[in-house]
Amino acid sequence: MVKPIVTLPDNLLRQPSDEVVSFDRSLWGLIENLAETLETQHDPPGLGLSAVQIGVLKRVFVARIRNKTKAFVNPQILKFSKKEIPFLEGCFSVPLLYGHVARPAEIDLKFQDKLGKKVESHFKGVPARIIQHEVDHLNGTLFVDHVHNQNGKLFKIRKDKKGQEHLVELPMV
Ligand SMILES: [Zn+2]
């Protein structure tokens, strides 16, 4: 079922999510709702969505990895690469705002699948970026916090008369 997305200033986004202990129908229903909600986002296309973003404080997110929607339960980043790269991030819970966030380029991740099976994987590139953004959601952190901490700038998208999108810098508040 496609669910409405929780957006700022809803304080739910600031709550840490709870560990999943039951790998049952209610978890599978949640994962299905997350996948369906993510897959309906086309402008911009959805790359990841955490349970808190549809109002459920559980440590679950889905992410588009190599064109497939994959579920991550109880994710824990075990190791970050020293090398960091900047990337323009946005978030469905922070509509229309974008900003550059520097994050480690590669991570080692421990998580469980929807049946509770424990998995360890290495991620780099865009998947590593999406996963770090989503793990942040489970801890009540948003990308705008990193933009702020890194003294970065926030941008919003403005369309010109031809429908072309431009990034317009926002004054810092
Ligand atoms: Zn987000």
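Visitor: Is Asn67 buried or exposed?
Guide: This is a predicted model. Around Asn67, 5 other C-beta atoms lie within 10 Å. A residue counts as exposed if that number is 12 or fewer, so Asn67 is exposed.

Visitor: Where does Asn67 lie, and what is its phi?
Guide: Asn67 lies in the loop between strand 2 and strand 3. Asn67 is not a glycine, yet its phi is positive, at about 65 degrees.

Visitor: Which residue other than glycine has a phi near 45 degrees, and is Arg66 buried or exposed?
Guide: The loop between strand 2 (60-65) and strand 3 (68-80) also holds Arg66. A positive phi near 45 degrees is found at Arg66, which is not a glycine. With 7 other C-beta atoms within 10 Å, against a cut-off of 12 or fewer, Arg66 is exposed.

Visitor: How many residues lie between strand 4 and strand 5 in their hairpin?
Guide: Strand 4 (residues 84-91) and strand 5 (residues 94-104) run antiparallel and are joined by 7 bridges. Cys91 of the one stands opposite Val94 in strand 5. The two strands form a hairpin, and the number of residues between them is 2.

Visitor: What is the omega of the peptide bond from Leu8 to Pro9?
Guide: Pro9 is in the segment before helix 1 (25-39). The bond that leads from Leu8 to Pro9 is cis, and its omega is near 5 degrees.

Conventions. Residues numbered from 1 in each chain as written. Predicted model: local features only at pLDDT ≥ 70, side-chain atom pairs only at ≥ 80, totals over all residues. Pairing = 2+ DSSP bridges. Helix = DSSP H or I, 4+ residues; strand = E, 2+ residues; numbered from the N terminus. Buried ≥ 20, exposed ≤ 12 C-beta atoms within 10 Å, placed from the backbone.
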